[in-house]
Amino acid sequence: MSSISDVPASARHPALAPSSFLPDDGCAGTLIGRVWLPGDEAGPAVVAIRPDGVFDLSARFPTVSTLFDAAAPALRAREVAGRRVCGLEELLSNSVSTVRNAGQALLLAPCDLQVIKAAGVTFASSLVERVIEEQAGGDPSRADEVRAQVRATVGDNLSEIRPGSDKAMDLKRMLQARGLWSQYLEVGIGPDAEVFTKAPVLAAVGFGEEIGIRSDSAWNNPEPEVVLAVNSRGEVVGAALGNDVNLRDIEGRSALLLGKAKDNNASCAIGPFVRLFDESFSLDDVRRETVHLSVRGQDGFELNGINSMAQISRDPLDLVAQTVAAHQYPDGFMLFLGTLFAPVQDRSEPGSGFTHKVGDLVRIRSALLGELQNRVVHSEDAPPWRFGLRAFIGNLARRGLLTHGL
């Protein structure tokens, strides 16, 4: 298979228009993003995505974290007129990593100082697949055999079991007696959710950027998810789309390898913006949202899937409460809510299941949160992450944006 560099830029990404990343209702909601500004003012800026363009709010809100901590952040964002940066089509077209112009603005992940957390095993179907990964020892060739064995005992539908309930504990005792209890079942139906740190602060990539898988992984997949934006007070203020890239073979060998499987260069994508809660969008909309996934490979392979939030086993507010129960997040956090999607479709030889190939175009879309698009590369080949906290704070200071505090 040819590498990405062998393919003309025009063939690597479909033609883009604002509808390629806006929600179905366009700019009706309060859409907050981050862009990298070019030229003398080079650096990240907090922006509002509006029908007449992209507007810089940084003079009032130097960080997304600052805005999210304000009372009624959607109202505060609308009160600031801001400076127009560019049009939507210009920003979108320049955000694709293969065709960027350094002299124009481009999209970044829509979070900055927030810790990036993720909840795992929050859907029944993905719970069964995690058990299969563990029982198969990360070997995709054994997955079908183990899948049949696990489902014969556990079944396909655990969605009616409330985590931590008496019924869930009865199931736990039964499975333990059969020797089939798993650490994934523990967090899937037990009282305590799995919540882990997905990526360092500022390490997420945004719309159009390359997303990375390790070159030594032979069994991996995208995880299309809703990501909550939570402020320092533990209040959910909005949501975005995310891709919690998963290396199934590495985690399947041992759950203690979760960090190696989940946190790698460019392995976390969030975007294209955060939609703040306002009169057009609420947490109940998050609970009802359906996230659509498509993967298109340079080899002609196509994969489609959905993640229906209505089937989540734990309510989003329960996951937030468990995240803040014994820890504080003074700059807020972004919380991946987990996914229903766990692909089993064979890509190559029968029984091999699905895995990414370099060059795959991953598109994650929902009606109210727009569309996140990324092209797959090896983490080792993705642009190295160098803009950390010292660089970020120094950049804001040089641009005179610290008068309102971070």
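Strands, as the term is used here, are DSSP runs of E of at least two residues, numbered from the N terminus. The model on display is predicted.

**The largest pocket**

Begin by selecting strand 1 (30–37) and strand 5 (106–108), each of which supplies at least two residues of the lining of the largest pocket. The volume of this pocket is about 640 Å³. Next, display L108, E209, P384, W385 and F387, which are the closest to the pocket centre among the 25 residues that line it. Colouring the lining by residue class gives 17 nonpolar, 3 polar and 5 charged residues.

**The nonpolar cores**

Move on to the largest nonpolar core, which has 65 residues. Within it, F21, I49, L228, V286 and L337 touch the most other members. Centre the view on V286. Apart from residues up to four places away in sequence, V286 touches V226, L228, A239, F277, F281, M309 and L337.

**The cysteines**

How many disulfides does the structure hold? The number is 0. Select C111 to examine one such case: the nearest cysteine sulfur belongs to C268 and lies 7.2 Å away, whereas a disulfide requires the two sulfur atoms to be within 2.5 Å. C111 counts as buried because its relative accessibility is 5%, the cut-off being under 20%. C27 may be selected next; its relative accessibility is 17%, so C27 also counts as buried.

**Strand 14 and S294**

Select residues 290–296, which form strand 14, and pick out S294 within that strand. Is S294 buried or exposed? With a relative accessibility of 12%, S294 counts as buried. Beyond its neighbours within four places in sequence, S294 is in contact with L303, N304, L361, V362 and R363.

**Backbone features**

The next stops concern backbone geometry. Most residues other than glycine have a negative phi, and most peptide bonds are trans.

Select G271 and P272: the peptide bond that joins them is cis, with omega at about 0°. P272 belongs to strand 13, which spans residues 268–276.

Then go to A72, in the loop between helix 2 (64–69) and helix 3 (73–79). Although A72 is not a glycine, its phi is positive, at about 50°. A72 has a relative accessible area of 43% and is therefore partly exposed.

V121 provides another stop of this kind, in the loop between strand 6 (115–120) and helix 5 (124–135). Phi of V121 is positive, near 55°, in a residue other than glycine. Is V121 buried or exposed? V121 is buried, because its relative accessible area is 8%, under the 20% cut-off.

**Helix 9 and R253**

Finish at helix 9 (residues 248–253), where R253 is found. R253 counts as exposed because its relative accessibility is 53%, and the threshold for that class is over 50%. Which residues is R253 in contact with, leaving aside its neighbours within four places in sequence? They are G137 and G138.

Conventions
Residues numbered from 1 in each chain as written. Predicted model: local features only at pLDDT ≥ 70, side-chain atom pairs only at ≥ 80, totals over all residues. Heavy atoms only, no water. Buried < 20%, exposed > 50% of the residue type's maximum accessible area, 1.4 Å probe, protein only. Helix = DSSP H or I, 4+ residues; strand = E, 2+ residues; numbered from the N terminus. Contact = heavy atoms within 4.5 Å. Core = buried A, V, L, I, M, F, W, Y, C linked by side-chain atoms within 4.5 Å. 1 Å grid on protein atoms, 1.4 Å probe; cavity = no way out; pocket = protein on both sides within 12 Å on 5 of 7 lines; lining within 4 Å. Points joined across faces, edges and corners; volume = space filled by probe spheres on them. Nonpolar A, V, L, I, M, F, W, Y, C, P; charged D, E, K, R; others polar.
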